[in-house]
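Hi,

Here is the structure we talked about, for you to open alongside this note. My notes on its charged side chains follow below.

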Amino acid sequence: MASAFTTSACAGLARQIDALVAEFPATAAEVSVPDLLDDIGMLNHHLNHIAERMRQSFAEPDKVGLAERTVFAGVAEAAERIASAQRHLTSALAHVTSGFRKELMLHTHPHLVNDPALARTIAVEKYAEAAERLRKATRWLDSTARVGQRPSTAPPRVRASQAVSAVPARRPRPVSTMHFL
């Protein structure tokens, strides 16, 4: 079974995410609901793509080798960061579409309840936080792609003579009578 996440697939996904981040708004005036929805949808698309490829690969888990599992671990770390970025953009969408949570702001700052400029400022900050998480995701994907380029190392050979190991056996740890809550 061929790996669902090849070196080029990881690098390609990293490039797509970098291109998305490059289009994120830099100022509050550039924030718009349709763009936020598109960005959230694109991140959702990437997460679904990752999940589908992993599902294909793990249809027969016994056939997934150690090298592939190492790549999948890196891709899973990237997916976690993509999901985190998506949560930040969803939060930005909530701020832009409904402003501040009225029940929290009504008593303390009633003049800010329906301030669209302030909501867009918060949204652009959320975009910046999402961009940072996506940059971390691309670093995971890039490092995973580099790992995939290395030739796989063969497992250590078992020596012909089963001599006594030079490494002493572990002693059992003493049982503590103290219990922590």
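**Salt bridges**

In this predicted model, Lys 63 pairs with Glu 60 in a salt bridge, with 2.9 Å between the closest N and O atoms. By salt bridge I mean a side-chain nitrogen of Lys or Arg within 4 Å of a carboxyl oxygen of Asp or Glu. Lys 63 counts as exposed because its relative accessibility is 53%, while Glu 60, at 37%, is partly exposed. (Cut-offs for relative accessible area: buried is under 20%, exposed is over 50%, and partly exposed is in between, using a 1.4 Å probe and protein chains only.)

Now have a look at helix H5, residues 116–149. Helices here are DSSP runs of H or I with at least four residues, numbered from the N terminus. Glu 132 and Arg 135 both sit in H5, three residues apart, or about one turn of the helix. Their side chains form a salt bridge at 3.8 Å, N to O. Glu 132 also meets Arg 139 in a salt bridge, again given as 3.8 Å from N to O, and the three residues Glu 132, Arg 135 and Arg 139 make up a network.

How exposed are these residues? Glu 132 is partly exposed at 33%, as are Arg 135 at 37% and Arg 139 at 46%. The salt-bridge count comes to five.

On the ground rules: residues are numbered from 1 along each chain as its sequence is written, and side-chain values use heavy atoms, leaving out hydrogens and water. Local features need pLDDT of at least 70 and side-chain atom pairs count only at pLDDT 80 or more, whereas totals for chains, interfaces and linings use all residues.

Cheers

How values were computed:
Helix = DSSP H or I, 4+ residues; strand = E, 2+ residues; numbered from the N terminus.
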